[in-house]
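Here is a short tour of a structure, written for someone who likes to see geometry next to coordinates. Please keep the viewer open as you read.

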Amino acid sequence: NLSTHEITTKGISYVSETLNLFRNMTVYENLLLGAYTIRDEKTQQEAMASIFELFPRLAERKKQLAGTLSGGERKMLAIARALVASPKLMMLDEPSLGVMPSYIQLIFEVLRQIREQGTTILLVEQNVERSLKVADYAYVLQTGRIVLEGEGNKLLDAELIRRAYLGL
């Protein structure tokens, strides 16, 4: 029953499959909304600089309306907006859906970096191979039931994964 800003203040961020960006606002304005809970202006500016370092493409487009970005750029913006408040837990729903391969690679590299910096990531994703490569622990669902679980890199070698998801 908490409001969105209260949830964010507790260190939780969420990137939905539909992204929920403000299409008529610029990239920078969308990011400022993500930084809403950061009250110190210097800390806010440092957070924005960090985001632009992680996503240089967004720095190039910071004055552009979010609605005019490509699908991959919108995904990056949604992830960046969720990340700018330095969450402890970041939940993402299908970050690679509808994104061209070069941006998918970038998104998963960013997820790896976020994880290495200590942020917990809860990821729902159909790109099994990439997901398992960045996951410490994973659950594989089929028709809503857990059919396999374990360390991500070890699940890559599981027969079920190799046959059903990797085509091997």
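Predicted model: local features only at pLDDT ≥ 70, side-chain atom pairs only at ≥ 80, totals over all residues.

What follows looks at the sheet, the helices beside it, and the aromatic rings.

Now for the pairings themselves. Strand 1 (residues 12-15) and strand 2 (residues 89-93) are joined in the parallel sense by 4 bridges, and Y14 stands opposite M91 of strand 2. Between strand 2 and strand 3, which also run parallel, there are 5 bridges. Here L89 has T120 in strand 3 as its bridge partner.

Strand 1 also shows two faces: S13 and V15 belong to the covered one, while I12 and Y14 belong to the uncovered one. In a regular strand, side chains alternate between the two faces of the sheet.

**Helices around it**

Which residues of helix 2 (residues 27-34) are buried? They are V27, N30, L31 and G34. These residues cover an arc of only 100° around the axis, which puts them on the same side of helix 2. Their cover includes helix 3 (41-54), helix 4 (56-60) and helix 5 (71-83).

**Aromatic rings**

Searching the whole structure gives 2 aromatic pairs, listed here with their geometry.

| Pair | Centre distance | Plane angle | Type |
|---|---|---|---|
| Y28 and F52 | 6.5 Å | 20° | stacked |
| Y137 and Y139 | 5.4 Å | 65° | edge-to-face |

Why is the pair of Y28 and F52 stacked? Their planes are at 20°, and planes under 30 degrees apart count as stacked. Y28 lies in helix 2 and F52 in helix 3, so this pair ties together parts that are 24 residues apart in sequence. Y28 is partly exposed, with a relative accessible area of 25%, whereas F52 counts as buried at 14% relative accessibility. In the other pair, Y137 counts as partly exposed, at 44% relative accessibility.

One further ring has a charged neighbour: R39 lies over the face of Y36, at 4.8 Å from the ring centre.

Methods. Residues numbered from 1 in each chain as written. Heavy atoms only, no water. Buried < 20%, exposed > 50% of the residue type's maximum accessible area, 1.4 Å probe, protein only. Arc of directions from axis to C-beta. Contact = heavy atoms within 4.5 Å. Pairing = 2+ DSSP bridges. Phe/Tyr/Trp six-rings, centres within 6.5 Å; stacked < 30°, edge-to-face > 60°. Lys NZ or Arg CZ within 6 Å of the ring centre and 35° of its normal.
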